[in-house]
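Hi everyone, thanks for making time. Let me put the structure up and then walk you through it.

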Amino acid sequence: MLLQTKLVLQFLMMECRQHVRLERDLDVVMVNGLTPWGNNQLIPFGPLREPLSALARADIVVIHHADLVPEPILMNLKRRIQDIKESLPVFFSRMVSSHFFTVHNVDTKLPLSAVHSRVVLCLSAIGSPNGFVKCVEKLGPLHVDQLHYSDHYMLQPTDICLMRRKLEELCHSFGSRPIVVTTEKDYDRDREILSQLCPFDVLVLCSQLQIVPHNGSSEKRFKELLKQLLDSRSR
């Protein structure tokens, strides 16, 4: 467990739903740098669970996908957050890809070069597929196509026909068998359905979230601040 201590993190305006009554130690807000506020509307008219003014009760903000966002946009985003609460610490994070495993064997470890110069179909049902696709594009595939479903959607047997049709179209267009790449979240939810795409290979991209150094912020500083805040509230 992080810092060897009990830690409940409440993530706001992200995939997790609000649990206002949940007892927590800290409020850590994670903001998707690619689409930070969507259309600035609350559910059901937009993606926000709370108005931006709710940032005033946050302890820390982490801007995610910072490596995929231009520096001026990151700085504008940070300024907007600190306009709401000037003292709010802002950190930056990214997803670091490590390897693939096959949908049939979670113990396999294939190198990231497995998709280099290959035709890839990115398949997902997550809240922010753009970050996932951009991570795959950085691995050097010949071509990347996409097939995305709504967040938390559970694939159905009827979806296999659409996937196969898409894969066969790619095969015909490029003259080689495409690879399906999906996320760990999608694998955990839909492994049985994904295993039915033979003879096409289905690879699961394994990644870790990493706090990136930026203007004096770092993973070390992030952990130190967490410990400091937790210690101050346990007294």
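So, which side chains meet in a salt bridge at 3.0 Å, N to O? Those of Asp67 and Lys138, where a salt bridge is a side-chain nitrogen of Lys or Arg within 4 Å of a carboxyl oxygen of Asp or Glu.

Quick housekeeping: this is a predicted model, with local features needing pLDDT of at least 70 and side-chain atom pairs pLDDT 80 or more, while totals for chains, interfaces and linings use all residues. Residues are numbered from 1 along each chain as its sequence is written, and side-chain values use heavy atoms, leaving out hydrogens and water.

Okay, the layout. We've got domain 1 (8-88) and domain 2 (96-207), with bounds from an automatic or database domain assignment. Their centres, taken over C-alpha atoms, sit 29 Å apart.

Now the interface. Six residues of domain 1 contact nine of domain 2, contact meaning heavy atoms within 4.5 Å. The two domains bury about 590 Å² between them, 54% of it on carbon and sulfur atoms; that's the accessible area (1.4 Å probe) lost on putting the two parts together, summed over both. And the rule finds one salt bridge across that interface.

Which residues line the largest cavity? Leu123, Ser124, Ala125, Tyr149, Leu155, Thr182, Asp186, Asp190 and Leu194. Here a cavity is a set of points on a 1 Å grid over the protein atoms alone where a 1.4 Å probe fits but cannot get out, and lining residues have an atom within 4 Å of a point. About 40 Å³ of space lies in that largest cavity.

Definitions and conventions. On a 1 Å grid over the protein atoms alone, a cavity is a set of points where a 1.4 Å probe fits but cannot get out, and a pocket is an open set with protein on both sides within 12 Å along at least five of seven lines; lining residues have an atom within 4 Å of a point. Grid points are joined across faces, edges and corners, and a volume is the space filled by probe spheres set on the points.
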